[in-house]
Amino acid sequence: MTLTRILGAVALVAVVGASIFALFIVPADVNQGDAQRIMYVHVPSAWLAYLSFGVTALSGIAYLWRRDLRFDAVALAGAEIGVMFTAFAIWGGMMWGRPVWGVFWQWEDPRLTTTALLLALYLGYLLIRRLTEDPYRRATRAAVVGIVAAVDIPIVHFSVEWWRGLHQGPTIGSPDKVLHPSAPGLFVIALVGMVVAFTIAWSWLMVRRYQLARIEWQIEEHGRLGRISAARRAALATSPPAGEPVAGPGVEGA
Amino acid sequence: MNGLRADAAVAWAIARKDARAELRGRQATVSTLFFAALVLLLFGFALGPDARRLTEAAPGLLWLAIVFGSLLSVTRLHQLEVEDGALDELARYPVERYAIYLGKLLAGFAVVLVLGGVLLPVVAILYGISLGEAWPALVVTVLLGAIGLAAVGTFYAGVTVRMAAREVMLPLLMLPVVAPLLLAAVKATTAALAGDPLGDLGAWLQLLAAFDLVMIVAGAATYGYLLEE
Amino acid sequence: MPQTTIYAAPRTREQTPPPAVATHQLARLFGRSAALAGVTMRVAAGRTIALLGPNGAGKTTLLRILATSLRPSFGRAEIESIDIVARPDVVRRRVAYLSHATGLYDDLTGAENLAFTATMRSVPEPHAAVDRVLAEVGLTADADRRVRSYSAGMRRRLALGRLLLNDWAVVLLDEPHAALDADGMALVDRLLQRWHEAGVTILVASHQAERVTRLADGWARLDSGLLIETGGSGVEADAPDLVGVPAQVGRA
């Protein structure tokens with residue numbers, strides 16, 4: 001428990017510190033102005049969105065291999081936290097796109113469209129989980145769906161990139177709105193700092209969500225065992241054996 | 001018998017069984033075709049009457065119709081297992097799970113191929129495009145697209161086969177995954193019809209083939225888990 | 001690491017062979033209800049055992065788990081000392097299951113259905129086998145009609161015929177007499193007899209207690225997911241554990 005608390009404290013400090021640095025201290029971009037600062041939040045979000053999905057897919061594989069439901073709990077944590085960061089990344093992307101591109105949505109930006117598809121895949125994954133009651137079938141189905149979805153992501157990315165590359169329409173936005181940091185060194189430090197801080201916060205979130213999932217599972221399992229106990233008692237109460245249940249000679253008991 | 005040959009025989013037997021049942025049942029294939037053709041007609045109403053706009057949009061509309069049609073088809077092929085509890089029987093045969101998947105995939109591929117084959121001339125007529133010399137390239141595109149749709153569709157039909165909400169879950173799960181297939185197929189079709197001015201037809205076909213390969217491998221590897229209850 | 005469990009021989013004077021079917025606290029939940037609440041039983045090889053009990057007692061669930069159509073929620077089961085969860089592929093070659101649902105393809109003919117099964121089960125000389133089976137169950141005349149046109153009794157005969165394409169170590173039958181006329185039921189009895197003589201272990205679930213217990217060596221009665229009592233020879237059971245519900249034994 002305490003280890004998690006320490007992690008949480010470190011995450012908080014890191015995020016606050018990095019944010020202050022990136023949002024207030026680092027000078028604004030020459031071309032894009034303050035709008036560029038959205039990137040400091042958008043990039044880490046996108047990175048974590050993909051990382052989460054990777055974790056979900058890998059945990060799914062681990063579950064299928066080992067059949068340990070703890071892996072499924074990790075996968076669930078990854079999916080829920082991933083959805084959050086994905087939505088955030090898309091929102092950030094749109095907010096950033098408006099001033100820079102002039103539009104909220106740009107089809108040819110492979111990152112934006114791939115992330116939108118990632119959101120769709122996540123939601124499908126969570127929905128499948130919600131619609132399957134039995135915990136073992138749920139874990140199996142989710143794992144399988146997660147794997148195929150994860151395998152699809154790189155293909156999506158490539159296809160959208162090619163889509164853009166081969167398109168010969170006007171270039172995106174105006175040429176001089178390309179990123180032009182006034183202090184490249186600070187820029188990089190700020191970005192890396194935010195990514196690291198966010199990743200620490202992400203791991204804290206993952207741990208907490210995993211612990212919560214474990215507790216949820218224990219409650220559910222307790223309920224399942226309880227139902228079996230109750231069923232046994234009920235059955236024996238209403239239908240008492242006519243004679244003793246026959247046990248063979250010398251055979252091990254229950 | 002060599003293991004791989006035995007598996008191939010199993011897959012072939014399943015594909016034949018599905019194809020036979022599908023052909024004899026026939027209502028499903030015919031109504032799917034009808035539905036897809038109707039979709040194309042409606043697109044005409046939605047985007048027309050400017051013939052040029054329709055001609056430009058034709059490849060996209062064609063593939064949308066094929067994708068929607070394939071949703072119905074792959075569901076159908078798993079339905080015949082559900083009707084009398086045949087899926088249980090199938091799962092209990094001592095055969096490789098991936099062979100079952102490949103068998104169902106083959107049957108699905110045949111159905112989607114028929115769909116594509118019929119819709120191509122329909123699109124040519126409705127949207128005024130001449131297929132001309134683009135034939136070979138178009139055939140290859142439809143072939144590759146059909147494989148991909150069958151691979152993904154068979155897989156997700158397997159995921160949702162025992163769910164009450166399968167009719168909405170199948171499209172919900174399958175459509176995001178086939179987005180790159182849709183993209184590549186449309187691009188390839190457009191390029192083929194225009195005579196490949198940018199020289200990118202090959203690239204798009206390669207992307208389609210890569211998609212197909214990845215999805216077949218992923219599906220074959222995981223289908224077995226879907227059969228257990 | 002999943003491992004095949006070896007049946008520990010009882011410490012008695014004679015060396016008893018391992019049971020053909022053995023379960024240990026076998027349980028299965030469906031959502032909120034426990035279809036099977038912890039069945040521990042052993043069936044000796046070569047015996048015919050009747051599973052009795054009202055609807056919803058868990059007979060079908062038990063058979064389906066043993067047939068590897070269903071994974072247990074808790075507990076363990078072994079067929080010929082092979083764990084059904086760890087090695088289902090091996091178990092499937094040795095165990096036959098006739099379920100409520102006939103599992104046939106409506107748009108295929110009777111012969112085609114059998115031929116498909118023959119291919120799936122690698123039956124040698126499939127054509128001859130299919131013809132033989134069709135004659136045996138009395139469906140030769142209807143072999144080339146689609147199953148869709150069959151009556152319920154004919155479908156059951158065909159499903160029975162499917163079982164005859166192979167030899168089995170264990171046969172699980174769920175209400176085999178249902179939907180059959182007198183001839184059909186006689187056929188079932190004949191087959192039970194034949195299997196019994198061949199040393200096959202048979203579990204038959206049925207409502208029709210009298211008919212089945214006549215043919216069986218022993219019987220077991222289920223109710224509300226528990227095995228309440230047994231009788232006759234060839235089947236033994238242990239009382240369900242009430243105090244401490246066991247942690248899941250073996251992996252799901």
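Predicted model: local features only at pLDDT ≥ 70, side-chain atom pairs only at ≥ 80, totals over all residues.
**Chain C: its interface with chain B and its sheet**

Good morning. Between chain C and chain B, about 2500 Å² of area is buried, and carbon and sulfur atoms give 50% of it.

On the chain C side, 28 residues are in contact with 25 residues of chain B. The rule finds five salt bridges across this interface. B:Asp88 forms a salt bridge with C:Arg64, and their closest N and O atoms are 3.1 Å apart. There are also 11 residue pairs in polar contact across the interface.

Which helices of chain C each supply at least two residues of the side that touches chain B? They are α2 (88-94), α3 (110-120) and α5 (152-163). Helix α3(C) gives the most, with five residues. By class, this side of chain C has nine nonpolar, seven polar and 12 charged residues.

I turn now to the sheet of chain C. Six strands form an open, mixed sheet in the order β6-β7-β8-β3-β9-β10. Strands β6 (95-98) and β10 (226-232) stand at the edges with a single partner strand each, so one side of each is left without a neighbour in the sheet. On average, neighbouring strands are turned by 15 degrees against each other, direction ignored.

Within this sheet, β3 (residues 48-52) and β9 (residues 218-223) run parallel and are joined by four bridges. C:Leu51 has C:Ala220 in β9(C) as its bridge partner.

Finally, helix α6 (residues 182-197) of chain C packs on the sheet and touches β3, β7 and β8. The direction of α6 makes about 150 degrees with that of β8(C). Thank you.

Terms used:
Residues numbered from 1 in each chain as written. Chains lettered and ligands numbered in written order. Heavy atoms only, no water. Pairing = 2+ DSSP bridges. Axes fitted to C-alpha atoms, helices over the stretch in contact; angles between N-to-C directions. Contact = heavy atoms within 4.5 Å. Buried area = accessible area lost by both parts, 1.4 Å probe. Salt bridge = Lys/Arg side-chain N within 4 Å of Asp/Glu carboxyl O. Polar contact = N/O pair within 3.5 Å; in protein donor to acceptor, adjacent residues only side chain to side chain. Nonpolar A, V, L, I, M, F, W, Y, C, P; charged D, E, K, R; others polar.
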